[in-house]
Amino acid sequence: MAELLVYLAATLVGVAFLLALYRFFKGPSSADRVVAFDVLTIVSVTAIALVALAEGRGIYLDVALIYALLSFLGVIVVARYLERGL
Amino acid sequence: MSKARNFTLLFATLTLFWVLLNGSLALDVLVVGLVAATLIAFLFRDGLAVVSELRTSPRALITTVRYVFFFIRELVKANLNVARIVLSPALPLNPGFVKVRTRLKSRMGRLLLANSITLTPGTLTVDLDGEWLYIHWVTVDTADVEAATAAIVGGFEEYLEVMYG
Amino acid sequence: MDIVGGLLLVGGAAFLLFGGLGLVRMPDVFNRIQAGTKATTLGTLLGLAGIACLQPDWALKLFLIGLFILFTNPISSQVLARAAHRSGARKSALTAVDRLEEDHGA
């Protein structure tokens with residue numbers, strides 16, 4: 001039962017990823033793409049945690065943590081750039 | 001704010017995070033963490049707003065706990081709200097940018113306020129300018145500064161005022 | 001416990017899905033940020049809580065990830081929204097009022 005729920009969750013996360021990916025490619029403005037990128041990385045954190053769960057490897061959680069950290073910095077930098085150039 | 005207090009608070013916070021991150025209390029892990037925490041806390045002894053502006057009176061601590069629960073409730077409400085909007089075929093929106101004023105003086109208090117507003121129903125902090133906050137509101141009920149302030153800021157400010165001033 | 005974890009996980013994933021859906025359906029960048037931040041923040045928190053129920057050993061680290069997301073997500077949204085507004089992003093025709101533009105110019 002629990003396993004089934006995990007599969008269901010993974011599917012939903014996958015669809016969320018695809019929806020965000022659609023916005024990422026469609027744009028139209030760069031701000032839209034950055035928002036989509038932000039959502040993509042947040043969704044990825046859960047996805048990585050799910051992989052860690054499936055593989056039973058806790059070390060992958062560090063990957064998720066660092067990923068969240070880098071995506072935060074990335075979004076801030078790009079937003080700065082949009083505002084007034086680097 | 002005394003330097004000793006800043007140092008102690010920062011040191012305690014860093015050590016706690018180090019232990020959480022490692023999930024272990026083994027001696028070698030602990031020593032590295034303590035050395036790093038001491039060094040960083042010493043470098044930032046003049047104050048890091050996150051810790052130096054936090055009040056540590058019992059009343060402030062109790063308020064912090066109550067604030068967390070209030071915040072979680074608002075966060076859940078916000079999400080049900082988003083779900084309702086994106087799932088309804090008509091997409092019921094009436095967006096706009098409104099202006100609100102905060103009584104909070106400390107930087108940390110304002111930061112937490114702005115963050116809380118962003119995570120609660122239908123509102124997103126777009127810009128801060130001193131005591132003024134500009135909010136993107138998915139369903140603008142009122143564009144009046146006072147009324148919008150009461151609707152958006154009111155709940156959080158009571159808590160944050162005690163926590164940070 | 002396993003079932004609770006599984007249900008939390010599905011609930012979280014559902015909110016992530018709503019976030020994605022909002023991203024696609026909302027009419028302008030500001031409304032997209034709104035849907036994107038809120039739904040993904042709670043979605044991630046619930047998902048991580050679910051995993052913590054399934055793997056109690058990981059609870060501490062998952063808690064830390066959740067805490068980090070909770071603090072940084074609204075900040076990146078706010079910075080992004082401000083950048084979008086300042087760089088003159090297109091606003092939905094539905095937009096009723098813009099006090100920010102009145103005070104600071106586009």
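Okay, let's start with chain B, where three strands make an open sheet in the order β1-β3-β2, with antiparallel pairing. The edge strands are β1 (96-101) and β2 (123-129) of chain B, and each of them pairs on one side only. Neighbouring strands here are turned by 30° against each other on average, ignoring direction.

Before I go on, this is a predicted model: local features need pLDDT of at least 70, side-chain atom pairs count only at pLDDT 80 or more, and totals for chains, interfaces and linings use all residues. Residues are numbered from 1 along each chain as its sequence is written, chains are lettered from A and ligands numbered from 1 in the order in which they are written, and side-chain values use heavy atoms, with hydrogens and water left out.

Helices (H or I, at least four residues) and strands (E, at least two) are DSSP runs, numbered from the N terminus. Two strands pair if DSSP finds at least two bridges between them.

Back to the sheet. β1(B) pairs with strand β3 (residues 132-137) of chain B in the antiparallel sense, over six bridges.

While we're in chain C, look at S77(C) in helix α3. S77(C) counts as buried because its relative accessibility is 1%, where buried means under 20% relative accessible area, exposed over 50%, and partly exposed in between (1.4 Å probe, protein chains only). Leaving out residues up to four places away in sequence, S77(C) touches T118(B), L124(B), I33(C) and T37(C).

Now, salt bridges. How many are there over all chains? The count comes to seven, taking a side-chain nitrogen of Lys or Arg within 4 Å of a carboxyl oxygen of Asp or Glu. D32(A) and R32(C) meet in one of them, at 2.3 Å from N to O. That pair crosses between chains, from helix α2 (residues 30-55) of chain A to helix α2 of chain C. Buried or exposed, D32(A) and R32(C)? Both are buried.

K61(C) forms a salt bridge with D62(A), with the closest N and O atoms 2.9 Å apart. This one also crosses between chains, from helix α3 (residues 59-86) of chain C to helix α3 (residues 60-84) of chain A. K61(C) is buried at 17% relative accessible area, while D62(A) is partly exposed at 25%.

Within chain B, E74(B) and K77(B) meet at 3.2 Å, N to O, in a salt bridge. The two residues lie in helix α4 (residues 58-87), three residues apart, about one turn of the helix. E74(B) is buried at 11%, and K77(B) is partly exposed at 44%.

There's a network as well: salt bridges link D127(B), R82(C) and R86(C).

Last stop, helix α2 (residues 27-43) of chain B, where you'll find L43(B). L43(B) counts as exposed, because its relative accessibility is 60%.

How values were computed: Axes are lines fitted to C-alpha atoms, for helices over the stretch in contact, and angles run from 0 to 180 degrees between N-to-C directions. Contact means heavy atoms within 4.5 Å.
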